[in-house]
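Hi everyone, thanks for making time for this.

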Amino acid sequence: MTDLAAAVESVAQLSTVWRAMVLDRDEDADVRDLPGVAVRWADCRFAFWNAVTLTEAGTGAALLEKRLQEAAGIMRAKKQPGFLWLFEDLLADDARAALAEAAERAGLVHVFPGTGMAGDLLPVPEPHHADLTFERVTTDEQLTAYADLNSRAYGFPLDDGRDGLVGSTLWKRDVYAYLALRDGGPVACAATVEAQGRLFVVLVATDPDHQRRGYGEAVTRKALYEGGRATGLTRATLHATVAGAPVYPRIGFKPNSPMHFYGLKS
C-alpha cells in the first residue's frame with residue numbers, strides 16, 4: 001500500500017468509527033461530511049469525541065489554508081473543546097511546508113503528534129501476561145473504570161472521560177473492550193471495533209502508575225485477539241500517540257501517515 005493509500009485508509013477509518021462513537025454518545029451529534037472536512041462532534045466533555053478532520057488527498061497550500069480556516073470556524077461554534085486531526089500524508093509538498101504558518105493564521109495550536117498505523121496481522125495468538133487477567137467490558141462499572149483509565153492516561157478530569165463513555169450500549173455490546181486487571185484492579189485497557197472490513201483499535205490507555213510493564217501491549221493484543229476471533233477480519237488499523245508508537249510495531253502494525261492534533265488557541 002502506498003503512503004497516500006494508507007493515509008486515505010486511515011482518515012476513512014477515523015471518519016467511520018468516530019461517526020458511530022459520537023452518535024452513540026448523542027444521537028443529535030454533528031456528523032456532517034462537508035467538502036474536504038468531516039465533522040464528528042458530540043460536543044461532550046470528552047475531548048476525543050469532538051473531532052474534525054481534513055479528508056482530501058493531495059491538498060495543496062492554498063486549499064489547506066481554506067480548509068484550516070473552515071475547520072477552526074466549526075470548532076469555534078461548539079460549546080466544548082476538541083481536536084482537528086490532520087493526516088500529513090494527505091498534503092502536497094507545498095502544503096506540508098506551509099502547515100505551521102497556515103495553522104497559526106487559522107488560530108490553531110499544535111497539541112500533540114500521532115501516527116497512523118495498519119497491518120494485515122490477524123489472527124494474533126491469545127495473549128498472556130504473568131501480572132494480568134482480562135475482562136471484557138459489559139457493565140457500567142467496568143465502563144467507568146475504562147473511562148477513568150483514559151482520563152488518567154491523557155490528563156483529563158475523571159468526569160470528562162465518564163461523560164464520553166458511561167451509559168453507552170455500543171461499548172458494552174458491539175465494541176470488543178477489555179480491561180487488564182492486576183490483583184483485581186484495572187491497570188490498562190484497549191478496545192477494537194469493526195469498521196469497513198477492518199478491526200480498528202481505539203482508546204488504549206495504561207494507568208500512569210503502571211506504565212512500562214507491557215500492560216498496554218498485552219491488553220491491546222487481547223482486544224485484537226477477541227475482535228479478530230469474533231469477526232474473522234485480517235487487517236487492523238489504529239492511530240498511535242507518542243507513548244504507543246513504539247508498542248504497536250511489536251504486534252505487527254506498520255506506521256504510515258504522521259498525524260497532528262490541533263486545538264483552538266485560548
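This is a predicted model: local features need pLDDT of at least 70, side-chain atom pairs count only at pLDDT 80 or more; totals for chains, interfaces and linings use all residues.

I'll go through the sheet, then the pocket, then a ring pair and a couple of backbone details.

A quick reminder: strands of a sheet pair through backbone hydrogen bonds, either parallel or antiparallel. Here we have an open sheet of 11 strands with mixed pairing, and the order goes 1-2-3-4-11-5-10-9-8-7-6. Which strands sit at the edges? Those are strand 1, residues 33–34, and strand 6, residues 133–136, and each of them pairs on one side only.

Helix 7 packs on this sheet, where it touches strand 6, strand 7, strand 8, strand 9 and strand 10. Its direction makes about 35° with that of strand 8.

If you go to strand 4 and strand 11, you'll see them running antiparallel, joined by four bridges. Look for Leu86 there: His260 in strand 11 stands opposite.

The largest pocket holds about 850 Å³ of space. It's lined by 37 residues, and the ones closest to the centre are Tyr154, Val204, Thr241, Ala243 and Gly244. Which strand gives the most to this lining? That's strand 9, with seven residues. Other elements that each supply at least two include strand 5, helix 4, helix 7 and helix 8. And what kinds of residues are they? By class, the lining has 24 nonpolar, nine polar and four charged residues.

Next, aromatics. The structure holds 17 aromatic pairs, and I picked one to show you. Trp18 and Trp49 have ring centres 5.2 Å apart and planes at 85°, so this pair counts as edge-to-face. Trp18 is in helix 1, while Trp49 is in the loop between strand 2 and strand 3, so the pair ties together parts that are 31 residues apart in sequence.

Last stop, the backbone. As a rule, most residues other than glycine have a negative phi, and most peptide bonds are trans. Keep that in mind for these two spots. The peptide bond from Leu122 to Pro123 is cis, with omega near 0°, and Pro123 is in the loop between strand 5 and strand 6. Then there's Asp183, in the loop between strand 7 and strand 8. Asp183 isn't a glycine, yet its phi is positive, about 55°.

Key. Residues are numbered from 1 along each chain as its sequence is written. Side-chain values use heavy atoms; hydrogens and water are left out. On a 1 Å grid over the protein atoms alone, a cavity is a set of points where a 1.4 Å probe fits but cannot get out, and a pocket is an open set with protein on both sides within 12 Å along at least five of seven lines; lining residues have an atom within 4 Å of a point. Grid points are joined across faces, edges and corners, and a volume is the space filled by probe spheres set on the points. Ala, Val, Leu, Ile, Met, Phe, Trp, Tyr, Cys and Pro count as nonpolar, Asp, Glu, Lys and Arg as charged, and the others, Gly among them, as polar. Two strands pair if DSSP finds at least two bridges between them. Contact means heavy atoms within 4.5 Å. Axes are lines fitted to C-alpha atoms, for helices over the stretch in contact, and angles run from 0 to 180 degrees between N-to-C directions. Rings of Phe, Tyr and Trp (its six-membered ring) pair if their centres lie within 6.5 Å; planes under 30 degrees apart count as stacked, over 60 as edge-to-face and the rest as tilted.
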